[in-house]
Amino acid sequence: MEKLADSATDLRVVIIGAGMAGILASIKMTDAGYHNHVIYEKSDQLGGTWRDNTYPGITCDVPAHGYTYSFEPNPDWSQTFAPGPEIKQYFERVADKYDVRKKICFNESVNYCAFENEGWTIRTTKGREERADIVIAATGVLHIPSTPKIDGLERFKGSSFHSARWDHSIDLAGKKVGVIGTGSTAIQITSAIVDKVEKFSLFQRTAQWVMPIENQIYSDKDKSDFKDSEKRGVVVEQIHADFDNFSNGVIDAESASLAALADECLRNLEEGVRDKELREKLRPDYRAGCKRLIFSTDFYESIQRDNANLITSGIVTVEENGIRTEDGEFHELDVLVVATGFKADAFIRPATVLGRDGIDLDDAWSDYPSAYMSVSIPKFPNFFMLNGPNSPVGNFSLIQIAENQLDYLLQLMNEIRLGNCSQISATRNATEAFEERRIEATKKTVWNTGCKSWYLDKNGIPSSWPWSRQQFFDEMERPELEAFERI
Ligand code: NA7
């Protein structure tokens, strides 16, 4: 990486969001001498998605030792795929260690950013207005819950909530519980609650491929071993090798590694589901990996419990005490969980973001959200995104991606700091060329083989990095400055 200016700077940096990426940004800003920064966080707690999602069974579908800041290893992870509360505690611990909290304005959401008079005017929900030189949007990818228009949903008289707004006041014991959706969330909920409830109904619109990856519980000896960086390194290296294998598979629909993943999922289905009729209901009609793969060793067992019911007939209407489906059946429910995912294209919105000459981000993104190398948008000078549009969501740890993006951004910010410019944003040409190259490459990926998923934008094009992990690191190592307009 290019040498960065090493003195402290007065440049004012506003970071939006105190989740994984915002905490990271604050730590890296401090380290690079940007002490004059603040994080606006809309909630009263940090942790982002790990604060919002507290549903039973929540785990990260990236192995814990790979879902860890590179500079803050955690030998104490309890299992391969860490539970959500443990991940939230990890972020809280790291934030405390690096004194990040003192930089956070809690319960204060940025709802307006406008580039005017050569800087950013920021307004928050508390009525505060301030000026910033640089804005870093660390607002997350899957953040705003998506609740589809299902006829009659508002009529339901029992308890009903989105999976990202779990109502812990409800005791599920002895209840008839329905879950709509079969994404990672719904599948994790299924295994966690099926044995606790009287009757469990899973409303499936699309069957999922399920990969049975063991979630190993780490023993005290394992944890003690992980304190040794060499021993931990072996595990981390293995995780990276698995990421590479996986990502090389999904970006090439004809690859042998993808075929091997598909075989494993198929074997899991054939061997895991005893009843032929149920097995056929659970058999996807699209290619494995097209949607984000589900990792679970116990979903098939859970859905075969006597009190579990997989409903594949479409939902017609929600009534006061249950759901009626297209086959005329009525499914009585006390609790209805809507596990229908997130608005994956929201990013920083609904905040108003106005770039140079008042250009509205909503208009700039009227077709679909895009950004040069996922981080910079033409005409939005000094406005940078972490895990922004088309970041590599499909393949590997978002922490590693955010770390690489921040190192890249620090090099761009360095141009300002060194006095080479005061405004920097990607050129339109570079952004269009990047998008053209990216979209062309998505054609080879398995995400493009005919399924619906949150990876696809509204034009049906995968919104992701369609190349290998290594290529991401290589291209992010050093910005090509000619791709940026510098004023
Ligand atoms: P996902 O993966 O977006 O899953 C949402 C699920 O909700 C999916 O099965 C959808 O079915 C289903 N859905 C959405 N709308 C409806 C309607 N109207 N009727 C019935 N079913 C519906 O969200 P998750 O929260 O599970 O996971 C998000 C990511 O978080 C995950 O990929 C991991 O990275 C962690 P569909 O498949 O579209 O037919």
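**Core.** I looked up the largest nonpolar core first. It has 96 residues, and Met29, Tyr69, Phe91, Phe200, Leu282, Tyr372 and Tyr408 touch the most other members. A nonpolar core here is a set of buried Ala, Val, Leu, Ile, Met, Phe, Trp, Tyr and Cys residues joined through side-chain atoms within 4.5 Å. Buried means under 20% relative accessible area, exposed over 50%, and partly exposed in between (1.4 Å probe, protein chains only). Helix 11 (residues 398–417) gives the largest share of this core, 10 residues. Domain 1 (8–61 + 73–144 + 343–486) and domain 2 (153–338) both give residues to this core, so the core lies between them. The domain bounds come from an automatic or database assignment.

**Ground rules.** I noted that this is a predicted model, where local features need pLDDT of at least 70 and side-chain atom pairs count only at pLDDT 80 or more, while totals for chains, interfaces and linings use all residues. Residues are numbered from 1 along each chain as its sequence is written, and side-chain values use heavy atoms, with hydrogens and water left out.

**Leu406.** Leu406 counts as buried because its relative accessibility is 0%. Helices (H or I, at least four residues) and strands (E, at least two) are DSSP runs, numbered from the N terminus.

**Ligand.** Which residues come nearest to the ligand? I found Thr182, Thr185, Arg205, Thr206 and Lys291, out of 18 residues around it. Near means that a heavy atom of the residue lies within 4 Å. I looked for polar contacts next (pairs of N or O atoms within 3.5 Å). A polar side-chain atom of Arg205 lies 2.9 Å from a ligand oxygen atom. A backbone N or O atom of Thr182 lies 2.8 Å from an oxygen atom of the ligand. Domain 1 and domain 2 both give residues to the shell, so the ligand lies between them.

**Backbone.** I ended with the loops. The peptide bond from Arg349 to Pro350 is cis, with omega near 20°. Pro350 sits in the loop between strand 17 (335–338) and strand 18 (352–354). Asn107 is not a glycine, yet has a positive phi of about 55°. Its loop runs between strand 3 (104–105) and strand 4 (110–116). Is Asn107 buried, partly exposed or exposed? At 42% relative accessibility, Asn107 counts as partly exposed.

Conventions. Polar contact = N/O pair within 3.5 Å; in protein donor to acceptor, adjacent residues only side chain to side chain.
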